[in-house]
Amino acid sequence: MIALADPLPERVRRGASGIVGTIVILLAWELAARALAGAYILAAPSDVVVHILQNSDLIWRALRETLGNATLGYVLGNLAAIGLAGAALAWPRAEPVVAGLALLVFCLPLVATGPILRVLYGPGPGPQITLAALAVYYTTFVPLLVGLRAAPASWFELLRSYGRGRLAELVHIRARASLPYLFAGLQIAAPAAFLGAMVGEFTGAERGLGLLAIRAIRALDIAGIWALASISAAVSILIYTAVGWLSRAVLRDPPPMILAPPALPRTGHAQGLAATVMRTAFVLAMALLLWWGAMTTFDLNPFFAKRPDDVWVALFTATDARETRETLAGALGETVVFLLPGFAGGLALGAGLAILLTLAPALTPSATLIAVALRSVPILTTAPLIVLLLGRGAAGTITLVAVMVFFPTFVACLHGLRQAPGQILDVFSTYAAGPFARLWHVQVPVMLPAFFAAARMSVPASVLAVTVVEWLATGRGIGSLMALSASLSDYDMLWSSVVIVSVLSALGYAGIGWVERRVLTVFASEQVAR
């Protein structure tokens, strides 16, 4: 009898690899900081530790405030995502409306909604919690919706043979099949919640890490900036690791082999296009109705709480409407030049690293630590420093946008690659297929739903990144325009900017969705079947 290998040595090797990788990263960080001494860009880990120890009481109180708001927003946002995804699958006719409204809300730029929420809420943690929830719910909703469809058709046929309906499918099949994707969404959401809470603190909070970050940036306290960034990254890494540990403890079954019938169109091209136009018009009508209804129900002051007709007047019928449109067009032109390359680069880097780690799993602990750290460091604290290092031109802005897109793509693709069915991989191994053949013919096709889900939810994330950079560092583009409008109480321009950015983000999302449907019709037909 052949004894089974003890899995402990493998875990020990992976843990040791992670520890060695962490030490190497810290040493490289220390050497880089020493080399850049006097440049006011990078603080060494030793300086960061000293700063934290010297200001431990102040930092602890601020961390407790920010972490509490981020945690509450994280919980509320993810609960909302689970509820929305369940409703969309339980009542398929409502899915376009649910997904469309969820997208429009997520496309609202935090740079603009932060000041508006501060005016609405007043003092207190309301904006921080709300922005944290808004930053995370869609990053869980999209992967979860993919996971709820990732089940073999034979499972549904078996359940229907017992006379069970959609609710039973949701509870007994879809919920279980969606767990890997749910955990991926929860991991992606951890840094986003922290970022949302800190954006809320930038709008006038009385305490929190965001307030300390403002003071450090204004004083050019490099050690303080990197201390706050390191603490935020450490908290996000701990949450990411905890969710990963929980997923490994829960997900003990191997991925199922999904066999689904081809997704055949139910209507002709003209009829399908008409149905899409009707659904889009209905979603827009619902969004406008909810917008107007919220303003009217809460009797919000129209000076800062603009209604849909106010934005229409500002853009088309006011005496300065043409000037408003030209200002918006010029700002958007400056933003798009940096947005598109950063978006494409982040997608390529995230998917490429996930594929590389599949071929070389020994690198996973160190590479994952770097990836999580890059995304966990709040862009609010490091954006001015990165722009100072790389300049106010294309390099700095594109780099920061790519980092924002890279992390959700990396996590989603890594989880997607792990969903390759073991039975199919065993067949390839039987025929002596190499790792590249297994990757190209099995793992990459299985990864495609996760990749497209990451691409869709990265559209608003990239908009958030570029607007934050423009707000804090470059002083150009639509992000700078929104910040300037908020500071000048020019709420017509602010709300017009929000509407234009949200609509363009939704159009970019729809464009990726159009490509996704055509690709997944071939490689993952269960994702496009209704």
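Trainee: Why is Arg-34 called partly exposed?

Mentor: Arg-34 has a relative accessibility of 48%, and since buried means under 20% relative accessible area and exposed over 50%, with partly exposed in between (1.4 Å probe, protein chains only), Arg-34 counts as partly exposed. This is a predicted model, in which local features need pLDDT of at least 70 and side-chain atom pairs count only at pLDDT 80 or more, while totals for chains, interfaces and linings use all residues. Residues are numbered from 1 along each chain as its sequence is written, and side-chain values use heavy atoms, with hydrogens and water left out.

Trainee: What makes the contact of Arg-34 with Glu-30 a salt bridge?

Mentor: The term requires a side-chain nitrogen of Lys or Arg within 4 Å of a carboxyl oxygen of Asp or Glu, and the N to O distance between Arg-34 and Glu-30 is 2.8 Å, so the pair meets the definition. Both residues lie in helix α1 (residues 8–35), 4 residues apart, which is about one turn of the helix; helices here are DSSP runs (H or I, at least four residues), numbered from the N terminus.

Trainee: Why is Lys-306 called buried?

Mentor: The relative accessible area of Lys-306 is 11%, which falls under the limit for buried residues, so Lys-306 is classed as buried. The side chain of Lys-306 meets that of Asp-492 in a salt bridge (3.5 Å, N to O), whereas Asp-492 is partly exposed, at 35%.

Trainee: What makes the pair of Tyr-137 and Tyr-138 edge-to-face?

Mentor: Rings of Phe, Tyr and Trp (its six-membered ring) pair if their centres lie within 6.5 Å, and planes under 30 degrees apart count as stacked, over 60 as edge-to-face and the rest as tilted. For Tyr-137 and Tyr-138 the values are 6.0 Å centre to centre and 75 degrees between the planes, so the pair is edge-to-face. Tyr-137 is buried, with 7% relative accessibility, and Tyr-138 is buried with 0%.

Terms used
Helix = DSSP H or I, 4+ residues; strand = E, 2+ residues; numbered from the N terminus.
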